[in-house]
Amino acid sequence: MRILAIGAHPDDLEILCAGTLFRYKEQGAEIFLCILTDGSAGHRLIPPAKLKKIRSSEAREAAKFLGAKLFELGIKDEMLFDNEPTRLKLIEVIRKARPDVVFCHAQNDYHPDHQAAFQLSFAASFIANLKNVKTRTVAPEKVPYLYEMDTLTGIGFEPEEYVDISGNYRNKLNMLFRHKSQAKWLADHDKIIIEELVGTQARFRGYQCGVKFAEGFRLVRGWGRIPTTRILP
Ligand SMILES: [Zn+2]
C-alpha cells in the first residue's frame with residue numbers, strides 16, 4: 001500500500017491522522033506526507049520569513065520520525081485556494097507518490113485553508129490520472145480512495161470508520177512534539193496545551209468505538225472510488 005496524507009499546515013497531520021499512519025507503516029506501507037502551506041502566520045513573535053524555515057525544519061524532523069517522504073508545496077499560510085497553479089502542483093505530488101489511499105481535511109473543518117485543502121485534494125486526486133493534464137510525471141492508472149480526517153476537536157464530524165491507535169498513541173504524540181514552535185503558538189495564542197487537545201479527541205473517539213485511543217475518518221464517496229472491503233488499518 002502507498003499512503004498520501006495531505007495537510008494544510010505543518011502539524012495538522014500529526015493531530016488528525018498520525019496514529020493511523022504509524023499503523024499503516026507497521027503493515028509495511030509506504031507513507032508520503034504533503035504540507036500545502038508554509039505555516040508562516042502561526043506565531044506572535046517570530047516574523048514570517050524566519051518562521052517558515054523553522055516550521056519546515058520541524059516538519060522534516062516529524063516526517064523522519066515517522067519514516068515518511070515529505071512534500072512541501074510552500075503556499076503562503078492563510079492564502080490557500082483551489083486554483084490552477086496549486087492544483088497542478090498537488091497533481092504532480094500525487095503522481096510522484098502514486099497513492100492507493102489519500103487522507104485530506106474534512107470539507108467542513110474550521111480553517112479556510114483546511115476547506116481549500118479539501119477542495120484541492122478532492123480535485124487533484126481525481127484529475128491526477130488524466131493523461132491530457134500535463135505535469136512532469138506521468139499520470140497513474142487509478143484514482144485513489146479518499147478519506148476525510150476528523151475536524152479539529154471533532155466539531156461537525158461524525159466518523160464512519162475508526163482506527164485503533166492505542167498501540168501508537170505515544171508515537172503520534174512524539175511526532176507532534178517535533179513541532180515545537182506550534183505548541184508554543186497554541187499555548188500563547190489559544191491557551192491550549194497541545195497534548196491535552198489531541199489526547200482528549202483521541203480518547204473520545206476511542207470511547208465511541210470501545211478502545212483506548214482512536215482516530216475517526218469518513219470516506220469521500222464518488223463513482224469509481226468506493227472500496228468493497230475495509231481499506232483502513
Ligand atoms: Zn491547519
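A residue is called buried when its relative accessible area is under 20%, exposed when that area is over 50%, and partly exposed in between (1.4 Å probe, protein chains only). By this rule His-9 is buried, because its relative accessibility is 7%.

The structure is a predicted model, in which local features need pLDDT of at least 70 and side-chain atom pairs count only at pLDDT 80 or more, while totals for chains, interfaces and linings use all residues. Residues are numbered from 1 along each chain as its sequence is written, and side-chain values use heavy atoms, with hydrogens and water left out.

**Buried residues**

Values for several other residues are listed below.

| Residue | Relative accessible area | Class |
|---|---|---|
| Asp-12 | 4% | buried |
| Cys-34 | 0% | buried |
| Cys-104 | 0% | buried |
| Thr-86 | 6% | buried |

**Cysteines**

A disulfide is a covalent bond between the sulfur atoms of two cysteines. Here it is taken as a pair of cysteine sulfur atoms within 2.5 Å, and the count comes to 0 disulfides. The sulfur of Cys-34 has its closest cysteine sulfur in Cys-104, 12 Å away, which is too far for a bond. For Cys-104, the closest cysteine sulfur is that of Cys-17, at 10 Å, again too far for a bond.

**Nonpolar cores**

A nonpolar core is a set of buried Ala, Val, Leu, Ile, Met, Phe, Trp, Tyr and Cys residues joined through side-chain atoms within 4.5 Å. The largest has 41 residues, and Leu-21, Tyr-24, Ile-31, Leu-33 and Phe-103 have the most contacts inside it. A second, separate core of 27 residues includes Leu-80, Leu-90, Val-102 and Ala-123.

Contact means heavy atoms within 4.5 Å. Leaving aside neighbours within four places in sequence, Ile-31 is in contact with residues including Ile-3, Leu-66 and Ala-68.
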